[in-house]
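Opening the notebook for a quick look through one model. I'll jot down what I looked up as I go.

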Amino acid sequence: MGVVTPVNPPHHPHRSPPSPLHVWSSPDTASAAVPTLSEGVRVRLLHAAHGDPWAAAELAAALTHRQATGLDPLPAEPLTLAPALLRAHRRDVRALPDDTRFLLLLAAADQHPVPTHAYARAVTAARLDTRPLDTAEAAGLAHPTAQGVVFRDAWTRIAVYESASMADRREAHRLLAAVLSDEGERPGRSWHRAAAALGPSRRLAAELRLAARVARAIGGDPALASALAERAATLTPEPAERTPLFALAAAEAWRSGDGDRARRLVAATDDDALGGLLALRAGNAAEAFDALLTATVRHGGDHASDTAAHLLARATEAAIYTGDLRRCREAAAVAGELGILPSSTLGALAAAFEGRYDDARDVLEATAGRCGPGGDPTQLIHAGIAALLLGDHTRAFTATARAAASARARGETVTVPQAMEFRAYAEFWTGRPKAAEAAAVDALRLAYATGQDNGACHLQAALAMFAAVTGDEQVCRERAESARAYALERGLGLPAALAMFALAFLDLSTGRYAASAARLRALAGFGPGHGHRAIRHLATPHYVEAAVRTGDTRVARAAHADYDRWARTVRSADDLALSARCRALLATGKEAVEHFRTALDLHASGTRDFERARTELLFGSALRRLRDRTEARDRLHSALEAFEYFGSPHCAVQARAELRALGERAAVTPGGEDLATRLTAQQLLIARMAADGATNREIAARLQLSPRTIDHHLRGVFSRLGIRSRIELVRLLGEGDARG
């Protein structure tokens, strides 16, 4: 068995125990010597520091400005940037007897960076006496178990390996390679043989190249495949053969979720296709488009139609991210020249951008049908997106949930947050707002961890939208501003537009109708990299409502006409319902009533329960003005019940105001109800963390929010629960868990 390292933050005997949250993790208290870190860098740096905030602070201080802001990848060997930390650990290790140090070295070599689980067999085969490990245990550095050796922390393991001589390292790897004899252990055996090599070797490089393929095909381990391919490149004597190996290593590192390593490796190649893909996920979307389209043209004449089609799909995705119709047309022109059919959902979106709704619908329906179990994760994600666009949110949830499961099974960590990103939308629209918010928070953390800062930006915008719906005004503004600032810098029209939509909906639900209408008009007028036709389309029913309330219906009628054409083309019950609601808002008297009834009939066949509640609120308000008090009361009570379920206090306030205008007194949610129905998903998460003893700064670091926002959240929690202290919060959560 190999080395086992604990997951708890490491203990450092040479300094006082670190605070769980060091100054590096909060821009509010960061030292002047430590650069301001982007959220993605903050998450990845803590991971590189093995969860040690002291080490993270030391690493952060050594980053360049471009590394600190995420423009450049983190250093290849972050441990070299923490000399003070390693010096203390090395002193401890060097104080041990030689035989103890060699046993620890053997365990360390067995684990990192490739875990091969050969330590126990190597000890037996070499007839090594393990009693010297008692010295390491007495020193508190490590202790033996039946499963292997448990180090005090990851940094101790690193210090053991780094402080050993090259000769001892080669001997350790030679012993480990000798006992890995099974066919399935070929990748591990090749790794140790290469680690023991004295210099470049054509034979070893070929062995490693084959082992990388085996690791990927049989073991489904892209991280191991990447390490083997990179080692093969370093052992290859011929420079011309290194480039494809570095490209392979970069691609596998990306699949495994190590975005920083992938970006470093691709810099050693001339692979503009892979460089374009990485730029699509973490760079400038326009630059990603140019690189991917160039690669498409280069591969298009090589009879590699599958490769060219894949690259064109990614180029189209980059164009869609920018929101630039010109780039979508450019991609379509290249597709025509090369004889490549537009790819599934991306081609459908391009068609929809150009107003070819019939073409878009046909492609979307074909794509959404490919959401069965198993299959390629990316294709399943596209099926989910297609189903979302068609208004089939149940099928969208199925496809995206299967995409995440398939990605995990294949070891494609990088694809999981992409699937969760769209799963969150599906959950929200199908009446699971708290699950949607929780899924988006998890996806955000994973997107940052895997180096997908562009996807994280989109998730920040989605969470801003969820916060607008659930009435968390400060969180909505903070997330929307963060998303917009990043999106405008990277030319990402999609999240920039979604963040603006979130702010507009917040204005609409709090009665700031003129501000909402102004934001939504601006959304329609944005240029490439600032806005997005898909978001403008999604926002149309809300724009119509804001425009009607401010008396400006001319532009609203034109916007509704285009929305109605899409709804009739895709035949989505929810889109048709919202179109009927728009028609009702633009009409008066009995005509409006009939359109509202049509909208509610259509909602009954759809899944967007929150929008149904909004329709009932608007219908109830119209009935009140028409003095139909009985039906108005029923509609408003139904809307209020839905808003309380969704945790949407601003919309609930509007429903209560309408009921008061009818002379009704709406009941407030009883205090003894389940906490999950009285708090948003994020409020409940923060409340549980606070009840467990976490400080505001600790919670902020985990959720990628500012401590000020966490304080605001807790005040909201206290207000909603009618309490005044954390002690009462602990008691309430304890009672809630007991009832559950």
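Where is the place of P113? I found P113 in the loop between helix 5 (98-111) and helix 6 (119-125). For my own use, helices are DSSP runs of H or I with at least four residues, strands are E runs of at least two, and the numbering starts at the N terminus.

Ground rules before going on. This is a predicted model, where local features need pLDDT of at least 70, side-chain atom pairs count only at pLDDT 80 or more, and totals for chains, interfaces and linings use all residues. Residues are numbered from 1 along each chain as its sequence is written, and side-chain values use heavy atoms, with hydrogens and water left out.

Entry: I noted it because most peptide bonds are trans, and most residues other than glycine have a negative phi.

On phi, I picked out two arginines. R571 has a positive phi of about 60° and is not a glycine. I placed R571 in the loop between helix 30 (554-570) and helix 31 (573-585). R627 also isn't a glycine, and its phi is positive at about 65°. R627 sits in the loop between helix 33 (609-625) and helix 34 (629-646).

Then I looked up accessibility, using a 1.4 Å probe and protein chains only: buried is under 20% relative accessible area, exposed is over 50%, and partly exposed is in between. R571 comes out at 52%, so I wrote it down as exposed. R627 is exposed too, with a relative accessible area of 74%.

Entry: a leucine. I found L59 in helix 2 (residues 53-61). L59 has 0% relative accessibility, so it goes down as buried. I also checked L59 against L45: they are 14 residues apart along the chain, and their C-alpha atoms are separated by 7.6 Å.

Entry: aromatic rings. How many aromatic pairs does a search of the whole structure find? I got 10. Rings of Phe, Tyr and Trp (its six-membered ring) pair if their centres lie within 6.5 Å; planes under 30 degrees apart are stacked, over 60 edge-to-face, and the rest tilted. For Y645 and F646, the ring centres are 5.6 Å apart and the planes at 90°, so I logged the pair as edge-to-face. Y645 is partly exposed at 46% relative accessibility, whereas F646 is buried at 3%. I also noted that ring pairs link F428, F466, F505, F610, F643, Y645 and F646 into a cluster.
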